[in-house]
Amino acid sequence: PNAETITLNNSQMTASTNTESDAGAINLTAKQSINLDQNSQLTTETSGGGNARDINLTAPQLVVDNGSRISAKTSNAGNSGTVNVTAVDQVQLGQNSNLTVETSGSGAPGNINLSTETLTIGDNAQLSATATATSTNTEGGGSINLNANTLNISGQLGIFAETNSVTPAGNLTITPYTSANLAINFRNNGFISASTTSAGDGGNITVQAPNTLQLDGQGKVSVS
């Protein structure tokens, strides 16, 4: 759809496959905003040999709130899709919301590519690329590529690329979007992390800005 505003309220939009055929993609473009609220879900997934396709979101503003979720995932041999977000003004992940790519099978996970002026991650919200304990893919977990001038991260969660299996974790890269400066503001122990809790290697974190990099508040950036 290409509308002024696209809103999902306690709704689901899913493209999936459980066979050898590929799933479809989800492409949403709005002139003002894309909004997911009240446990809404936007998902591409495969539980078979076919591949999931990408989620492509383009709007000045993306708001995901109140337990809503955007995800691309695989639980079998098919590969996951990638989540591509271009929101010129802001991306807001509100309370208990998620934007994630995940593999829990032998298929490769996709990446998260996000470009925006301001990214805000609220209480108990997360932006993540995860290889779960049942993943057997050895090509590597999904990577997160963020282009944002300002990151506001609060609560006990945040941004992370992680593995809980033999699958290597993906990498996390943060650079400015339209500025030479990058500001990362933490609150209430928010974090940016690339980690492993199993045999798979942890990923790398790259944070860079041509001019000024500013970190402020109670939080951390860690590799483990």
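Biologist: Which residue in strand 7 stands opposite Thr-46?
Modeller: Thr-74 of strand 7 stands opposite Thr-46. Strands here are DSSP runs of E with at least two residues, numbered from the N terminus. This is a predicted model, in which local features need pLDDT of at least 70, side-chain atom pairs count only at pLDDT 80 or more, and totals for chains, interfaces and linings use all residues. Residues are numbered from 1 along each chain as its sequence is written, and side-chain values use heavy atoms, without hydrogens and water.

Biologist: In which sense do strand 4 and strand 7 pair, parallel or antiparallel?
Modeller: Parallel: strand 4 and strand 7 (residues 69–74) are joined over six bridges. Two strands pair if DSSP finds at least two bridges between them.

Biologist: And what is the bridge partner of Ala-72 in strand 9?
Modeller: The partner of Ala-72 is Val-101. Strand 7 and strand 9 (residues 98–103) also pair in the parallel sense, over six bridges.

Biologist: Is Asn-10 buried or exposed?
Modeller: Asn-10 is exposed, because its relative accessible area is 59% (buried means under 20%, exposed over 50%, partly exposed in between, with a 1.4 Å probe and protein chains only).

Biologist: Where does Asn-39 lie?
Modeller: Asn-39 is in the loop between strand 3 (26–37) and strand 4 (41–46). Asn-39 has a positive phi of about 65 degrees and is partly exposed, at 45%.

Note on methods:
Helix = DSSP H or I, 4+ residues; strand = E, 2+ residues; numbered from the N terminus.
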